[in-house]
Amino acid sequence: MTILFVILILCIAVLGGVLVVFDSWNDRLWKENRALRKELERVKRADGEWQGTADGYADGKLVFDEWACSECGYEIETDDPDELPAFCPSCGAKMDC
Ligand SMILES: [Zn+2]
């Protein structure tokens, strides 16, 4: 009888320890989930545009060869606007085409 009681107490103690570990993991996962949701909402909201800077003319038209993200200022050099990415590589803002 006494040995069964000791085994029962040990099982309860082990189970309690396991529950504490799972509770800790659960808290950490909730915090990470909340942080990821906030980041996702920030990225979804951030619509930007490539703002071009021209330094010369070709065929009477301005040639834009430096582009900056309107959200974070990340710069890309290209004279072909079709090469500009749909999303800013730095902040992830979706760029208006
Ligand atoms: Zn950006």
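Of the contacts in the protein chain with a separation of 6 or more, 21% join residues 24 or more positions apart; two residues are in contact if their C-beta atoms, placed from the backbone, lie within 7 Å. This is a predicted model, in which local features need pLDDT of at least 70 and side-chain atom pairs count only at pLDDT 80 or more, while totals for chains, interfaces and linings use all residues. Residues are numbered from 1 along each chain as its sequence is written.

The protein chain contains 1 helix and 5 strands, in the sequence order α-β-β-β-β-β. Helices (H or I, at least four residues) and strands (E, at least two) are DSSP runs, numbered from the N terminus. The chain is split into two domains, with bounds that come from an automatic or database domain assignment.

| Domain | Residues |
|---|---|
| domain 1 | 1-45 |
| domain 2 | 48-95 |

Taken over C-alpha atoms, the centres of domain 1 and domain 2 lie 48 Å apart. The C-alpha trace of the protein chain spans about 100 × 20 × 15 Å along its principal axes. Its radius of gyration is 28 Å, whereas a compact globule of 97 residues would have a value near 13 Å; the radius is taken over C-alpha atoms, and the globule rule is 2.2 Å times the number of residues to the power 0.38.

Buried residues make up 5% of the 97 residues. A residue is buried if 20 or more other C-beta atoms lie within 10 Å of its own, exposed if 12 or fewer, and partly exposed in between, with C-beta atoms placed from the backbone. Met1 counts as exposed because it has 5 C-beta neighbours inside 10 Å. Met1 sits in the segment before α1 (2-45). From Met1 to Cys69 the C-alpha to C-alpha distance is 75 Å, at 68 residues apart in sequence.
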